[in-house]
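Visitor: I would like to learn how to read the features of this protein. Please take them one at a time.

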Amino acid sequence: MKTEEKNNMPKVRVAVIGKSNVGKSALTVRYLTRRYIGEYRSNIDLLYRQTLTVNNASLDVEIVDVCSCDMQMFPEEAIHWADACVIVYDITCRTSFNQASDMLQRVLQLRTQIPTVLLGNKADLEHLRQIDEVEGRSLAAKHNLQFYEVSVAENTTQIYTAFDLILNMCRTNHAAQKTRKFSVSKMIGTLIGNTNSKVIQNSNQGGTVVVCHKSDLYKSRVLRRRQNFTATASL
Ligand SMILES: Nc1nc2c(ncn2[C@@H]2O[C@H](COP(=O)(O)OP(=O)(O)OP(=O)(O)O)[C@@H](O)[C@H]2O)c(=O)[nH]1
């Protein structure tokens with residue numbers, strides 16, 4: 001891919017949050033690599049980067065998998081950093097559902113318009129179910145969000161539907177922002193007699209997964225994000 005195309009590619013940042021052990025790492029790795037790895041280190045936040053093709057267009061995607069988050073250690077930085085959020089609970093664990101509900105409220109307090117999806121994971125463990133599907137569905141409906149029950153272990157297609165959905169929403173937001181910027185610069189250009197515009201088409205591009213220790217990366221670069229928030233991360 002040419003550098004100018006790469007530079008022009010929309011970048012989308014996603015935060016995956018939820019109680020410890022709900023399957024956040026398994027979910028992220030499944031989505032990005034199609035593979036299922038049973039055990040992960042759970043004492044570090046991980047940042048993944050990959051170029052993905054969603055709906056025939058390329059996106060630079062960064063996903064932070066926040067380890068063991070709860071309301072006491074709510075990952076506020078990650079929520080400000082992100083363009084979209086995936087909130088996960090485990091259908092066999094009532095506490096994880098309650099936490100997902102609290103987290104959802106907190107996320108929407110911090111970022112009212114952030115594209116968010118609610119996932120109930122471990123749907124393969126029907127015999128251990130503590131949360132009926134309808135509970136997840138109504139929690140999501142209350143906040144006007146999409147909801148899916150998934151099994152990362154069984155690779156249910158809704159995993160991909162959910163991520164693709166929020167990535168598409170982000171891309172739409174990105175395109176709208178670009179159009180607004182373009183309209184303003186076109187207007188200024190018209191006013192000063194310069195109407196040139198350049199549109200660069202993206203070509204599709206695969207990518208590799210980069211796994212990073214977010215805590216180390218925080219030290220290395222400062223990203224200024226909206227809402228006057230200063231998050232630190234790098235890839
Ligand atoms: N049965 C079943 N087990 C799953 C599923 N997804 C994840 N697991 C298991 O659940 C456990 C926790 O998965 P992780 O991905 O480490 O969970 P996590 O939310 O990242 O955990 P923390 O890093 O502690 O926050 C692991 O043993 C996974 O193999 C699933 O869909 N079904």
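Visitor: Which residue does Arg 49 stand opposite in S3?

Guide: Arg 49 stands opposite Glu 62. Before going on, note that this is a predicted model, in which local features need pLDDT of at least 70, side-chain atom pairs count only at pLDDT 80 or more, and totals for chains, interfaces and linings use all residues. Residues are numbered from 1 along each chain as its sequence is written.

Visitor: How many helices and strands are there in the protein?

Guide: Helices (H or I, at least four residues) and strands (E, at least two) are DSSP runs, numbered from the N terminus. The protein has 7 helices and 9 strands.

Visitor: In which sense do S2 and S3 run?

Guide: Two strands pair if DSSP finds at least two bridges between them. Strand S2 (residues 46–54) and S3 are antiparallel and joined by 9 bridges. Their hairpin has 2 residues between the strands, and Asn 55 there takes a positive phi near 50°. S1 also joins S3, through 6 bridges, but these two run parallel; Val 12 stands opposite Val 61 in S3.

Visitor: How many residues of S3 are buried?

Guide: A residue is buried if 20 or more other C-beta atoms lie within 10 Å of its own, exposed if 12 or fewer, and partly exposed in between, with C-beta atoms placed from the backbone. In strand S3 (residues 57–65), 7 of the 9 residues are buried. Across the protein, buried residues make up 35% of the 235 residues.

Visitor: What covers the faces of S5, and which residues are on each side?

Guide: The covering elements I leave aside; the sides can be listed. Thr 116, Leu 118 and Gly 120 lie on one side of S5, Val 117, Leu 119 and Asn 121 on the other, and all are buried. Strand S4 (residues 84–90) runs parallel to S5, with 6 bridges between them, and Cys 85 has Thr 116 as its bridge partner. S5 also pairs in the parallel sense with strand S6 (residues 146–149), over 4 bridges.

Visitor: Which elements make a β-α-β unit with S4?

Guide: A crossover is right-handed if, with the strands pointing away from the viewer, the path from the first strand over the helix to the second runs clockwise. S4, helix H4 (residues 94–110) and S5 make a right-handed unit of this kind. From S5 the chain crosses through helix H5 (residues 133–142) to S6, and this β-α-β crossover is right-handed.

Visitor: Which residues of H4 are buried?

Guide: They are Ser 96, Phe 97, Gln 99, Ala 100, Met 103, Leu 104 and Val 107. Seen down the axis of H4, these buried residues fall within an arc of 160°, so they line one face of the helix. The arc is that of the directions from the helix axis to the C-beta atoms.

Visitor: Which residues have the most contacts inside the largest nonpolar core?

Guide: A nonpolar core is a set of buried Ala, Val, Leu, Ile, Met, Phe, Trp, Tyr and Cys residues joined through C-beta atoms within 7 Å. The largest one has 52 residues, and those with the most contacts inside it are Val 14, Ala 15, Val 16, Val 86 and Ile 87. Two residues are in contact if their C-beta atoms, placed from the backbone, lie within 7 Å. Leaving aside neighbours within four places in sequence, Val 14 is in contact with residues including Val 61, Ala 82 and Ile 166.

Visitor: Why does Leu 125 count as partly exposed?

Guide: Leu 125 counts as partly exposed because it has 15 C-beta neighbours inside 10 Å. This residue is in the loop between S5 and H5.
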